[in-house]
Each structure stands twice: as structure tokens, then as C-alpha cells.
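These are my notebook entries on one structure. I set down what I looked up, in the order in which I looked.

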Amino acid sequence: MITLFHLDQSRSFRILWLLEEIKQPYQLQRYYRDLKTHLAPESLKEIHPLGKSPVIEFQGKIIAESGAIVELLIQKFAPSLAPDINDPTYADYLQWIHFAESSAMLPFLLKTFNEIETRHGTQLVFLENYTQVEFDKVFGYLNDYLKDKEYLVDNRLTGADFMMGFGLHALIHNMAQGKNFPHIQSYVERLSLLPSWKAAEKIKQGGKVT
Ligand SMILES: N[C@@H](CCC(=O)N[C@@H](CS)C(=O)NCC(=O)O)C(=O)O
């Protein structure tokens, strides 16, 4: 049995969604962010020293890092969600899986944190311009890439979508960037219509794992 240690409003949604897609039995242990600090509760450190989510327990081993968890679960239970290693699209698959936590995450987080700081009266010096340039560069590139595509890789659902979907959903819905990035918006709308996404959304909001 797989256990997902799930923090609310977090990248753990990637794993919740994937588990709903691959239909493996799993149990969910929920954690809630501190309302003031927005950090995970100390109790998550009993599972993994970083106290971050997602973390899973699988075959007696604790595994952190959403990218590693996505790749592992797909290889074990749903190989059809990845291209064959000998297929040319495998390189695209790896690229987009890693893009989510690397190239895309920095501008996404900088923008999020800058907005919080600015709302509280902080005068940004270096970060304002740097963040906007990086944000437009990275998400503009992704928006152009998605122009004539349904999914990121091989025009079908793969692990890359599970990695990218969570942050892009926030980009469109929390940051209201749909007008700037219309192809990302259509992509996010497509993902949100998948039965596994809808099931994960319900569970995220407190619904039971069936
Ligand atoms: N690179 C890690 C990042 C994990 C991470 O930073 N998770 C955040 C939630 S999105 C977290 O647990 N934050 C709470 C905290 O650090 O206290 C991954 O992809 O799993």
C-alpha cells in the first residue's frame, strides 16, 4: 500500500492526481499549513527531516521529491504514462518533468513572494525587474510551445503533465495570467476536465479516497 503524506495547497496535488489516474490503492495522511507562517506543521518532520510535501511511503521506504515520486510510480504502475526510453519523445518527457521544479519554479515562486512583499509595502529593488524578465521568458516560451499541442509530450497524457499541471493551474487561477498566456490557459482547462483531476480536486477539498 502507498501512503501519501499530503500538505494542503502544495505540490502534493501532483501525486494525488497521479494516484487517482493510475488507480492504485493508497492512503492519505493530511497535514495543514500554519495559517501565519504558511509552513508545514512540525509533525511532517516525523516523516521526513525536511518536513515538506509530497512524501510517500512505498514498500517500507520514505520517498521525497515530487519528480522522483512521479517517475517511480509511473515506472512501477503505469508505464503507458511515459514514452519508451528508445522513443525520441523520451528526452522531451524528461525535459518537461524536470522543467517543472527547475526553470519554471524559480520565476513562479519569485513572482508569488514578490506580490506578497509588495502588498505589505516592501519596495523591491533588484527583484522586480529580474522576476518579470524571467517570468515572461519562461512562461512565454511554454505558452508558445503549447500553441498547437493538447499535452506536453507526444500529444498524450504523460508524467510531464502531472508535474507541470499543478503550478500552471495556480498561474492561471491564483495569479490570473490567462490573458498573458492563453495557450497555457487552454492546456490547464483541458487538464482540469480529466476525470482523475476532478477526483483529486474533490479529495483535496476533503473528500474521501475511495
Ligand atoms: N522539490 C520538492 C519541493 C517540496 C516543497 O517545497 N513542498 C512545499 C509545498 S509546495 C512544502 O512542503 N512547504 C512547506 C514547508 O516547507 O514547510 C518537490 O518537488 O517535492
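**Entry 1. A serine in helix H1**

I began with Ser 12, which is buried, at a relative accessible area of 0%. I apply the terms as follows: buried is under 20% relative accessible area, exposed is over 50%, and partly exposed lies in between, with a 1.4 Å probe and protein chains only. Ser 12 is found in helix H1; helices (H or I, at least four residues) and strands (E, at least two) are DSSP runs, numbered from the N terminus.

I noted the basis of the work at this point. The model is predicted, and local features need pLDDT of at least 70, side-chain atom pairs count only at pLDDT 80 or more, and totals for chains, interfaces and linings use all residues. Residues are numbered from 1 along each chain as its sequence is written, and side-chain values use heavy atoms, with hydrogens and water left out.

Which residues does Ser 12 touch, not counting those up to four places away in sequence? I listed Leu 4, Phe 5, His 6, Leu 7, Ser 53 and Pro 54, where contact means heavy atoms within 4.5 Å.

I placed Pro 54 in the loop between strand S2 (26-31) and strand S3 (55-58).

Glu 46 is also in the loop between S2 and S3. Glu 46 counts as exposed because its relative accessibility is 70%. From Glu 46 to Ser 192 I found 33 Å, C-alpha to C-alpha, for a separation of 146 residues in sequence.

**Entry 2. A leucine in helix H1**

I then turned to Leu 19, which is also placed in helix H1. Is Leu 19 buried or exposed? Leu 19 counts as buried, since its relative accessibility is 1%. Leaving aside neighbours within four places in sequence, I recorded contacts of Leu 19 with Ile 2, Leu 4, Gln 24, Tyr 26 and Leu 73. The C-alpha atom of Leu 19 is separated by 8.4 Å from that of Ser 196, although the two are 177 residues apart along the chain.

**Entry 3. Positive phi values**

I looked up two residues with positive phi. Gln 59 is not a glycine, yet its phi is about 50 degrees. Gln 59 is found in the loop between S3 and strand S4 (61-64), and at 62% relative accessibility it counts as exposed.

Ala 176 has a phi near 50 degrees, again a positive value in a residue other than glycine. Its place is the loop between H6 and H7. With 59% relative accessibility, Ala 176 counts as exposed.

Which residues of helix H3 (residues 89-101) are buried? I listed Thr 89, Tyr 90, Tyr 93, Trp 96, Ile 97, Phe 99 and Ala 100. The cover over these buried residues includes helix H1 (12-22), helix H2 (66-77), helix H4 (105-119), helix H5 (126-145) and helix H6 (159-173). I kept a general point beside this list: an α-helix has 3.6 residues a turn, so residues three or four places apart point the same way.

In helix H7 (residues 182-192) I looked up Glu 189. Glu 189 counts as partly exposed, at 44% relative accessibility. Glu 189 and Glu 201 are 12 residues apart in sequence, and their C-alpha atoms are 14 Å apart in space.

**Entry 4. The chain as a whole**

I recorded 8 helices and 4 strands, in the order β-α-β-β-β-α-α-α-α-α-α-α along the sequence. Of the 210 residues, 46% are buried. Among contacts with a separation of 6 or more, 66% come from residues 24 or more positions apart.

The domain assignment gives domain 1 (2-81) and domain 2 (88-195), with bounds from an automatic or database domain assignment. Contact between them takes 14 residues from domain 1 and 19 residues from domain 2. I found the C-alpha centres of domain 1 and domain 2 to lie 21 Å apart.

The C-alpha atoms of the chain fill a box of roughly 50 × 45 × 25 Å, taken along the principal axes.
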